There are 2 protein chains.
Amino acid sequence: MVDENSTFKILIASDIHLGYMESDPIRGNDSVVSFEEILSIAREREVDFILHGGDLFHENKPSRVTLHHCFALLRKYCMGDKPVYFEFLSDQSADFKHCKFPTVNYEDPNLNVSIPMFSIHGNHDDPTGPGNLCSLDLLHTSGLINYFGKATSLDKVQISPILLQKGETKIALYGLGSIRDERLHRMFLKKDVKMLRPKEDQENWFNIFVLHQNRAKHSATNHIPEQFLEDFLDLVIWGHEHECRLNSSAEKVEWNPIQQLYVCQPGSSIATSLSEGEMVPKHVGLLEVNKKDFRMQSIPLKSVRQLYMEDVVLKKHVRPGDANAQRKSEDFCKEKVEALLARAENEHTGSNKQPRQPLIRLRVDYTDFDPFSSQRFGQNFVERVANPKTMIQFHRQKAERASDYKHGQL
Amino acid sequence: MVDENSTFKILIASDIHLGYMESDPIRGNDSVVSFEEILSIAREREVDFILHGGDLFHENKPSRVTLHHCFALLRKYCMGDKPVYFEFLSDQSADFKHCKFPTVNYEDPNLNVSIPMFSIHGNHDDPTGPGNLCSLDLLHTSGLINYFGKATSLDKVQISPILLQKGETKIALYGLGSIRDERLHRMFLKKDVKMLRPKEDQENWFNIFVLHQNRAKHSATNHIPEQFLEDFLDLVIWGHEHECRLNSSAEKVEWNPIQQLYVCQPGSSIATSLSEGEMVPKHVGLLEVNKKDFRMQSIPLKSVRQLYMEDVVLKKHVRPGDANAQRKSEDFCKEKVEALLARAENEHTGSNKQPRQPLIRLRVDYTDFDPFSSQRFGQNFVERVANPKTMIQFHRQKAERASDYKHGQL
Ligand SMILES: [Mn+2]
Ligand SMILES: [Mn+2]
Ligand SMILES: [Mn+2]
Ligand SMILES: [Mn+2]
């Protein structure tokens, strides 16, 4: 891809969860730090725009300080003199018809936008209450982002794409903000989800769809199977799932041979649960699109707090009948934590934005033992671990473990 | 004042109380309607800037829909191509040192501001919580207003003026956001309130001070007497007091001969209590300043819901011993309300923005009578009155009346 004038450069991110654990004295600022890193990558890489897959905010009603952080960062990084090189071809008043200012921010003559950000809402920041507004409406109305993909009916969804052109490359961007999975699943089955396509030159558009739904099959109907997706789509950006799959293959995206489309699951930029999925190192995507070709690169986030988890089966290391079983169990776990802390130090990115206190989780199978005090245990690691109170998770045997470790609070 | 190029035109408003009674089905939008009228007057009159005296929001944590209204109106009315003709001379990074973006919005090259709005905070929207932020910080950080007058110390206040120049006219604008009256009173007594003055050309500045405190003497120390104010000031804009005094004299301002300064009390743009002070018709001020001269005009707000109050002493109209005393009292009050409704219709501004249902309050002295049901009474006026449930206020005799009718919720 050498023709820069016809190549879109798009930063792909999702699930930034601003305000997550904001009142925690240690972790309170983590989400803001990650967001700032993402914005600084966007600026450094001179992307054409940022595409975000929902859950920008953790709380439906973010605190004032979290909202303020968000306003400040967007104004700092997304406003400026850098020209925007792509054209907006579709009808803004239709694309943003749910907004008080049904316009794209970078074409407002009163705003000097350098990096437009486009976002759908997630389940954490979905519209509610009077006016059916969400936090993204505040950002859109203030001109700091472009909020799209808000379905206005609960029964039928008709998605018109945002049409963008840069040189010879044309992107049709479809968005659908979070809808309860069961409801959307049913709508798909009833063929009540329609994706409109540009009439002219239909084969030459690169079709991107961003959504925020369960991808993992929790039960038969509370996820969206990929086979529901239209096969004219070229690339799906899947928000809500927090596991970063931007490393899943050389292509950084997953090929669905039946639907003939690629799926990119950027994952979250902060761990909102201590689970395996969140342990996968966090990345954002750098998507380049040239005509119908694309390339996805992954860019590691260097400021995200480290997370290490390990499973421990006590009876493999301590004799259950031992007179000092409890002390020995505890000592064994301490050694494990020390090893993880050493690993964390070793794997620290070196960025001064990355905290020095990692998140640590030991999942301890204590079958045939009495549990020790996880609170007292944590006191050994105050100052060194970000979550001293929640380091130890006891369980009796595999079958009893929480059913789905991979999926925490998405 | 003919020299337009040296004449500042400033719209003076205060106590807009956005979000007041927002969940009331009848009155819920009143505050937003008034704000829009104020902004449209500012645009129509082509003022240089808007100066607001605090309590822009009614709630410390405004609802999302109220915040959203505010963002939308400010973006609609205050952004645009109209040039700003006055210069900002003082050090922005000092004037706005409490803000994340310590800059005045109209000089930000990324924002096309046509009407800068300057506001201090009131007691309703004062800074609290993490980061000591208030709603005005959100507006300032998004570039929609200029939030000034935030004192950073609780013991001493040192106010540097914002220095503005238009042609040959130079304004020194001092602001002090709401502080608990007792505390500020004490600080004044201890000479801990300092107002800095520009060193050069000191006599040629027109000195304006905007504050948001009790002006009426509630008790010895919970108000700010005018004699505390420095006599170099030319004009004081006094927020917090809801009674509009912009009609008080031909000059629309009140001369304090001892302090040798003028006081302008713009009042609120919405009645937040059914009191005499709020009954005075609502106006905003149009202040013109040319060198050391000024002229204040008052502009009536045509969209504000009408408020009528009347005192009724039952025993003057109905014989206390009468067998039908209650019915007769009620009938008499109905007549009174009908008369007020007729007056309201007669005095309606004709603006389609002004609601047709006025606020009505009868203060009924029912000495020697049993009260009738004010709820049942109100049912006669549902649809015609904005506050059917709170129309009647019973009291036994003057001495028993709520001590201070003039002062409701400011
Ligand atoms: Mn989610
Ligand atoms: Mn999420
Ligand atoms: Mn007040
Ligand atoms: Mn007030």
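Between domain 1 and domain 2 of chain A, the rule picks out one residue pair in polar contact, counting pairs with both residues at pLDDT 80 or more; the model is a predicted one. One salt bridge also turns up across this interface. Elsewhere in the list of charged pairs, the side chains of A:Arg363 and A:Glu276 come together in a salt bridge, with N and O 2.6 Å apart. On the domain 1 side, helix 1 (30-44) and helix 6 (276-279) of chain A each put at least two residues into the surface that touches domain 2. Helix 6 of chain A has the largest share of that side, at three residues. Sorted by class, the domain 1 side comes out as five nonpolar, two polar and four charged residues.

As for where these domains sit, domain 1 of chain A runs over 4-300 and domain 2 over 307-395, and their C-alpha centres are 37 Å apart. The contact draws on eleven residues from domain 1 of chain A and 13 residues from domain 2 of chain A. Put together, the two domains bury about 960 Å², and carbon and sulfur atoms account for 68% of that.

Turning to the two chains, 33 residues of chain B are in contact with 33 residues of chain A. Chain B and chain A bury about 2,900 Å² between them, with 62% of it on carbon and sulfur atoms. Two salt bridges cross this interface by the rule. A:Arg75 pairs with B:Asp108 in a salt bridge, and the closest N and O atoms there are 2.8 Å apart. Helix 2 (64-78) and helix 4 (135-141) of chain B each bring at least two residues to the side that touches chain A, and helix 2 of chain B gives the most, with nine residues. That side of chain B holds twelve nonpolar, 13 polar and eight charged residues.

One residue of chain A deserves a separate look. A:Gln92 belongs to helix 3 (residues 92-95) of chain A. A:Gln92 counts as buried because its relative accessible area is 15%, below the 20% cut-off. Leaving aside residues up to four places away in sequence, A:Gln92 touches A:Lys97, A:Pro102, A:Thr103, A:Val104 and A:Glu107. With A:Glu107, the A:Gln92 side chain makes a side-chain polar contact at 2.9 Å.

Conventions
Residues numbered from 1 in each chain as written. Chains lettered and ligands numbered in written order. Predicted model: local features only at pLDDT ≥ 70, side-chain atom pairs only at ≥ 80, totals over all residues. Heavy atoms only, no water. Contact = heavy atoms within 4.5 Å. Buried area = accessible area lost by both parts, 1.4 Å probe. Salt bridge = Lys/Arg side-chain N within 4 Å of Asp/Glu carboxyl O. Helix = DSSP H or I, 4+ residues; strand = E, 2+ residues; numbered from the N terminus. Nonpolar A, V, L, I, M, F, W, Y, C, P; charged D, E, K, R; others polar. Buried < 20%, exposed > 50% of the residue type's maximum accessible area, 1.4 Å probe, protein only. Polar contact = N/O pair within 3.5 Å; in protein donor to acceptor, adjacent residues only side chain to side chain. Domains from an automatic or database assignment.
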